[in-house]
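Work through these exercises with the model open beside you. Try each task before reading its solution.

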Number of protein chains: 2
Amino acid sequence: MTTRDPQATALARFAALFADETRAACLLALLDGRAWTAGELARHAGVAASTLSEHLGRLVAGGLLAEERQGRHRYVRLADARTAQLVEDLAAQVSPGPAARPRSLRESSAGLAMARGRTCYDHLAGRLGIAVTDALTRRGLLRQDTGFALTETGLAWFASAGIVLAAHGRRPLARACLDWTERRPHLAGVAGAALCRHALDTGWCVRIGSERAVKVTAVGERALSDLLGVEPADLR
Amino acid sequence: MTTRDPQATALARFAALFADETRAACLLALLDGRAWTAGELARHAGVAASTLSEHLGRLVAGGLLAEERQGRHRYVRLADARTAQLVEDLAAQVSPGPAARPRSLRESSAGLAMARGRTCYDHLAGRLGIAVTDALTRRGLLRQDTGFALTETGLAWFASAGIVLAAHGRRPLARACLDWTERRPHLAGVAGAALCRHALDTGWCVRIGSERAVKVTAVGERALSDLLGVEPADLR
DNA sequence: CCGGTACTTCGGCGCCGGCCGAACGGTCCG
DNA sequence: CGGACCGTTCGGCCGGCGCCGAAGTACCGG
């Protein structure tokens, strides 16, 4: 007890940030990639504003959240893509997957929409994300059998679609992110983020509700079918 | 407080497994990929055997550890590669990296050996792991610019070296694992594990001490230079 | 300048969980 | 069969932490 492993101390302190239901609810909510105010999060988590204020202080001090003060509002969002990835990884580890999912009708409206399509911080997830990833793989634009990377034709496809893949620090161009509803990897990284942004900008998808769920529009269905051969049935 | 998000509850409970210094010390120790007895871990963590027994119970119940009873011994090891990856990710997130590392002479003997070369569950890490990964990349056997994947020539290289890459469930063939001393990705996944096993089996490396550190032998230095063009200077 | 709103700080409460030592049970060995 | 050893269970102690409400501060709008 005198001299403990400093790495173990740091790991425990860091993990403690996630080890509270209220903070976990905040982090999961912030996985939508947007900035929330302290009050919104307090209402979402169902605790007093004072309580949530302290939680935000911890999360910011721990480097998980970035804050931006605007007037009397305190906006917070996930610090970076790396943090979002970690939250996703943890969430995927604990979620039951589609097999064990209850068929309850109660959670269907929100739950089914999330399972159909959603954002995962800054890229597409759910059946939508899987359908796109599979289509990219089927067309030889993405290889998953030797790792997880775009091919030369894949790079050309992004360029021809007008989607710019800007090098962004050390963030990988393509990365696998485990989908917690489908239990299979979908495209993340710079390419995944650029594709998602393009889809939202061009109206292929629109956000529905106040959460992370997205819906594919008629235009989007057409575009995904034309450009990638995505079967509309895989989006339902 | 009446109806909380079940995913947030699950995430918090799961994270709580890591959020204790003693448990964290156990998980980090078990990153060597081997099985430890309860007594060894208790001594390592500096707590009473009774205390550690309860910790092991929680970690096993949480699915992080697999246990194997042999006579009056209770051996535990990390449950699987996926769990090991999560521990690694968390450890990498909290470790300071080489820049912020203290130049203390105290921790040098053990710390320097770990920084030079170690195992990361079942693959190589530290300067050794980075040197091998860089050499693979330099020779066009591994591509990191479009993601992280072996190339066709990379697959051929493994075959010609007599290293069998057996498909193993859903585990990816090649995966990037962030090295927490070098702050750069090294090779993990099926290929990383096979390469590490081969290195230990053929005597390219040997374990030193009781921890995760490994040392490159003269034979290994020669082999890595011949087969991959690894500069011996990069291993020091 | 004044009321309303958003957030923070503080004090106090209650509970959870990590720690230990003592007693117990199971296993190995002489 | 008895003693030594490894691990587990139990009771009890203590500290930390999450919670709230009340009071305080900062900001916006009229």
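**Exercise 1: strands across the interface**

Task: Determine how many bridges join strand E7 of chain A to E7(B), and which way the strands run.

Solution. This is a predicted model. Start with strand E7 of chain A, residues 147-150. Count its bridges to E7(B): there are 3. The two strands run antiparallel. Now pick one residue and look across. A:Gly147 stands opposite B:Ala149 in E7(B).

**Exercise 2: the side of chain B that touches chain A**

Task: Find which elements of chain B give two or more residues to the side that touches chain A.

Solution. Step one is the count. In chain B, 40 residues are in contact with 40 residues of chain A. Step two is the elements. Three are helices of chain B: H1 (6-16), H2 (21-29) and H5 (81-94). Two are strands of chain B: E7 (147-150) and E8 (175-178). H1(B) gives the most, with 9 residues.

**Exercise 3: relating the copies**

Task: Find what rotation and what shift superpose chain B on chain A.

Solution. Two copies of a chain are related by a rotation about an axis and a shift along it. Here the rotation is 180° and the shift along the axis is 0.0 Å, with an RMSD of 0.0 Å. That is the relation of a two-fold axis. Next, compare the interface residues. Of those in chain B, 100% are also interface residues in chain A, so the copies meet through the same surface.

**Exercise 4: the surface near DNA strand C**

Task: Identify which residues come nearest to DNA strand C, and which element gives the most to the surface there.

Solution. There are 20 residues around DNA strand C. The nearest are A:Gly39, A:Ser50, A:Ser53, B:Ser50 and B:Gly71. Chain A gives two or more residues from each of helix H3 (38-45), helix H4 (49-61) and strand E3 (73-78). H4(A) gives the most, with 5 residues. By class, this surface divides into 5 nonpolar, 10 polar and 5 charged residues.

**Exercise 5: the surface near DNA strand D**

Task: Repeat the analysis for DNA strand D, and find which element gives the largest share.

Solution. Around DNA strand D there are 20 residues. A:Ser50, A:Gly71, B:Gly39, B:Ser50 and B:Ser53 come nearest. H4 of chain A gives two or more residues, as do helix H3 (38-45), H4 and strand E3 (73-78) of chain B. The largest share, 5 residues, comes from H4(B). The classes are 5 nonpolar, 10 polar and 5 charged.

Definitions and conventions:
Residues are numbered from 1 along each chain as its sequence is written. Chains are lettered from A and ligands numbered from 1 in the order in which they are written. This is a predicted model: local features need pLDDT of at least 70, side-chain atom pairs count only at pLDDT 80 or more; totals for chains, interfaces and linings use all residues. Two residues are in contact if their C-beta atoms, placed from the backbone, lie within 7 Å. Helices (H or I, at least four residues) and strands (E, at least two) are DSSP runs, numbered from the N terminus. Two strands pair if DSSP finds at least two bridges between them. A residue is near a molecule or strand if its C-beta atom, placed from the backbone, lies within 6 Å of it. Ala, Val, Leu, Ile, Met, Phe, Trp, Tyr, Cys and Pro count as nonpolar, Asp, Glu, Lys and Arg as charged, and the others, Gly among them, as polar. Copies are superposed by least squares on the C-alpha atoms of residues with pLDDT of at least 70 in both.
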